[in-house]
Amino acid sequence: MQPRPRRYEDACAAAHALDLVGDRWALLVMRELLLGPRRFGDLRASLPGISATVLAQRLEELEAVGILLRRKLAPPAGVQVYVLTQWGLESEPIFQALGRWAARSPRHDPTLPISAVSFLLSLRTMLDPDRAAGLRARIGFRLGEGEFAGDLAEGRIEIAAGPADPADLILAGPPAVLAAAIYGGVPLAALEAEGIVEVAGDRGLAARFATLFPLPDKALP
């Protein structure tokens with residue numbers, strides 16, 4: 001597939017960025033690849049509103065402009081996956097800036113569905129370095145069928161796909177429910193008592209971890 005023709009005819013690099021990723025779903029497809037390779041079915045499951053046809057189109061377009069690649073996993077898996085190029089991975093700060101900015105919108109609805117990758121990227125975006133100062137820990141996440149490992153140190157959290165255990169703390173449950181605990185102030189202990197989430201490891205760390213991600217104030221009209 002050939003790259004799409006330019007649509008803005010504008011030398012501004014921001015306009016060119018929209019030429020590359022301005023179509024609906026393109027940025028969200030990229031978002032879902034920021035933590036590692038994904039299969040077509042995984043991507044579609046993480047983006048419930050997208051059709052198979054549109055997803056295929058977006059993947060072809062993003063591949064044509066050099067943002068992602070197709071790869072075949074080695075045996076015994078032997079399946080095709082999609083992975084961001086190094087240039088594609090450099091887009092994460094854009095997602096972080098957009099996320100911080102849009103979180104201030106009075107119309108942002110945090111009760112809508114959220115994918116595992118989106119939830120974990122939000123942690124990397126919203127972590128307050130001052131609140132996390134001096135804290136070192138390994139945090140494991142079990143979100144549906146996916147497992148992820150996070151390393152918290154020096155006011156940053158790095159998260160990648162991989163075994164959740166061993167870890168100082170493991171959080172397991174639906175991404176939207178864990179987001180409610182971290183961003184909505186719902187106590188983890190209450191969610192655990194209801195059987196919605198599982199908390200394993202350092203309970204004190206769990207309580208502190210949930211306070212490290214303050215949301216910005218809403219924008220004034």
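Predicted model: local features only at pLDDT ≥ 70, side-chain atom pairs only at ≥ 80, totals over all residues.
The lining of the second largest pocket is made up of 13 nonpolar residues, three polar ones and one charged one. The space inside the second largest pocket comes to about 330 Å³. Its lining counts 17 residues, and the closest to the centre are Ala17, Val21, Leu27, Ser91 and Ile94.

Where does the lining come from? Four helices each supply at least two residues of it: helix 1 (13-21), helix 2 (26-33), helix 5 (86-89) and helix 6 (92-102). Helix 1 gives the largest share, seven residues.

Two of these helices also pack against other helices. Two packed helices are described by the angle between their axes and the distance between the axes.

Take helix 2 to begin with. Its axis and that of helix 4 (residues 52-64) come within 10 Å and cross at roughly 75°. Helix 2 and helix 4 are therefore roughly perpendicular to each other, since angles of 65 to 115 degrees are classed that way. On the helix 2 side, the contact is made by Ala26, Val29 and Met30; on the helix 4 side, by Leu55, Arg58, Leu59 and Leu62. Six of the residues in this contact are nonpolar, none is polar and one is charged.

Now turn to helix 6. This helix packs with helix 7 (residues 116-126) at an angle of about 80°, and the two axes are 10 Å apart. So helix 6 is roughly perpendicular to helix 7. Glu92, Gln96, Gly99 and Arg100 of helix 6 meet Leu121, Arg124, Thr125 and Met126 of helix 7. Here the classes divide into two nonpolar, three polar and three charged residues.

The loops hold some details of the backbone. Trp25 sits in the loop between helix 1 and helix 2. Its phi is near 85°, a positive value in a residue other than glycine. Is Trp25 buried or exposed? Its relative accessibility is 16%, so Trp25 counts as buried; the cut-off is under 20%.

Glu154 also has a positive phi, near 55°, and is likewise a residue other than glycine. Its place is the loop between strand 4 (146-153) and strand 5. Glu154 has 69% relative accessibility and therefore counts as exposed, a class that starts over 50%.

One more loop deserves a look. Pro166 lies between strand 5 (156-161) and strand 6 (169-172). The peptide bond that joins Asp165 and Pro166 is cis, with omega about 5°.

Terms used:
Residues numbered from 1 in each chain as written. Heavy atoms only, no water. 1 Å grid on protein atoms, 1.4 Å probe; cavity = no way out; pocket = protein on both sides within 12 Å on 5 of 7 lines; lining within 4 Å. Points joined across faces, edges and corners; volume = space filled by probe spheres on them. Nonpolar A, V, L, I, M, F, W, Y, C, P; charged D, E, K, R; others polar. Axes fitted to C-alpha atoms, helices over the stretch in contact; angles between N-to-C directions. Parallel < 35°, antiparallel > 145°, perpendicular 65-115°, else oblique. Contact = heavy atoms within 4.5 Å. Buried < 20%, exposed > 50% of the residue type's maximum accessible area, 1.4 Å probe, protein only.
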